Amino acid sequence: MKKFILSIIGVMGCYFSAMSQDVSGAYDLETAVQIALENNLSLKRSELNQLSNEATLLQNKGSRYPSFQTGASSGYRWGRSINPVTNLFETQRIGNINLFANSNVSIFAGGRINSSINQAQADIEAGLYNIEATKNDITLNVINLFVNVVFNREQVNIAENQLKTTKDQLARTTRLVEAGSLPLSDQLDLQAQNATNELEVINAKNSLRIAKLNLAQAMQIPFTDEFEVIEPKFEINESLMATENPSQIYESALAIMPELKAAEKNIESAEYGVKAARGAFLPTLGIGANVFSNYVDRGIPGREPDAFTTQIENNLSQSVNLQLNIPIFSQLSNKASLQRARVQRQLAEVTEIEVKNQLRQDIESAYTSALAAQQSYSASVTRVKSLEESFRIAQQRFDLGAINSVDFQVAQANYFNAQADLLNAKYTYIFRVKVLDFYLGNPINLN
């Protein structure tokens, strides 16, 4: 799944990173995604949890190896006690040093060791896929927020252009009113329109600021007034829309989406859990070995105790034993554990179905939205061309006094509203198509 992230942040990033070295405080898409991935705390938490899964696997693998421990103890006894040398009761202080070592290894554990190892390995693989899915979600979210910043920036440009046009007409109308060529009402209408356009510029700038704030917060960096993004040059062509239908896209996504692979690994993990629970009904066989020796500071009456090394050598004892455990009745705990393991497997299977359904619904929604955005964009292009010519004619007629200010304002508002609608359709279309490309695993290409 890494190729998706690389394709999104690589190809899209290089498309609009041409000015990244020249704009101070501005971020291109690739940089924004990288910063978001580095700073996202949910992603960091998932990566740390993965270390815990790796520790579980290490522990389960260790169950295959023999255990070994050694140690020593030393102490004194007072009063009536048995002298370990003479094996007689004595009433005196006796000091002793004990040395021991033992080892145990499982020969057969009903397959539970292998099942636990395989389950931990499946959990690790599922965790890796979940991390990858989280990275994809972060990437797509940053792309969406990045595109939203660019969209709102162009909205500001449209609002400022509309305000500039109104100011120019207000200045001309004011001169004509002062000369007595136009009624005062035309000037008042344009003054009101000018105030409306100023408010629209303020609102557009506020929307842009909010869009920047949302992107900065997604990147987990402090937001300042210097925060900017590199202006992309999106191009739309006839081949932009995916040629595959939702069913074809869904079939492609089934083989590559990490959230689905994670769900499959969770089922595999649960299946190993069932096998481990079944193993509890089987006998277990183990082997153990022990080594023991001691030293006592008392000897046979009338003789000094033997030297430390001599006693350790003389008192050395070894033992080897086999241990067979046959479960006959476990107070139904084994049966309950098996039932819980089977329920976990069924829950994992339900989760896989949910993931598949959600994936299919997301693709269907993305395709429907992309198709609607494509149609909306095509219609908006035609609408803008028509209203642009209509506005040009209205401006000429207004300059000649053939229409009043109200008709001119209507033509102006229609034209600039159409531009805004076109802009919205353009960026909605681009993002929706990129989401489809993401599900297909295709390289993102905006050229």
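Visitor: Is L322 buried or exposed, and why?
Guide: L322 counts as exposed because its relative accessibility is 61%. Buried means under 20% relative accessible area, exposed means over 50%, and partly exposed lies in between (1.4 Å probe, protein chains only). Accessible areas come from the Shrake-Rupley method with a 1.4 Å probe, and for residues only the protein chains shown count as cover.

Visitor: Before we go on, what are the ground rules?
Guide: This is a predicted model: local features need pLDDT of at least 70, side-chain atom pairs count only at pLDDT 80 or more, and totals for chains, interfaces and linings use all residues. Residues are numbered from 1 along each chain as its sequence is written, and side-chain values use heavy atoms, with hydrogens and water left out.

Visitor: Where does L322 sit?
Guide: In strand β8. Strands (E, at least two residues) and helices (H or I, at least four) are DSSP runs, numbered from the N terminus.

Visitor: Which residues make the nonpolar surface patch?
Guide: I107, F108, L282, I287, V320 and L322 make a patch of about 570 Å². Patch residues have over 30% relative accessible area and no salt bridge; like charges are joined within 9 Å, nonpolar side chains (Val, Leu, Ile, Met, Phe, Trp, Tyr) within 5 Å. A salt bridge is a side-chain nitrogen of Lys or Arg within 4 Å of a carboxyl oxygen of Asp or Glu. β5 (94–108) and β8 (317–325) each supply at least two of the patch residues.

Visitor: What's the order of the strands in the open sheet?
Guide: β2-β5-β7-β8, with antiparallel pairing. Two strands pair if DSSP finds at least two bridges between them. β2 (67–77) and β8 each have a single partner strand, so one side of each has no neighbour in the sheet.

Visitor: How many bridges join β5 to β7?
Guide: There are 12, and β7 covers residues 284–296. In one of them, V105 has I287 in β7 as its partner. β5 also pairs with β2, over 11 bridges.

Visitor: New topic. How many residues are in the largest nonpolar core?
Guide: It has 70, and L215, M219 and Y439 have the most contacts inside it. A core is a set of buried Ala, Val, Leu, Ile, Met, Phe, Trp, Tyr and Cys residues joined through side-chain atoms within 4.5 Å.

Visitor: Which helix gives the most to this core?
Guide: α10, with 17 residues.
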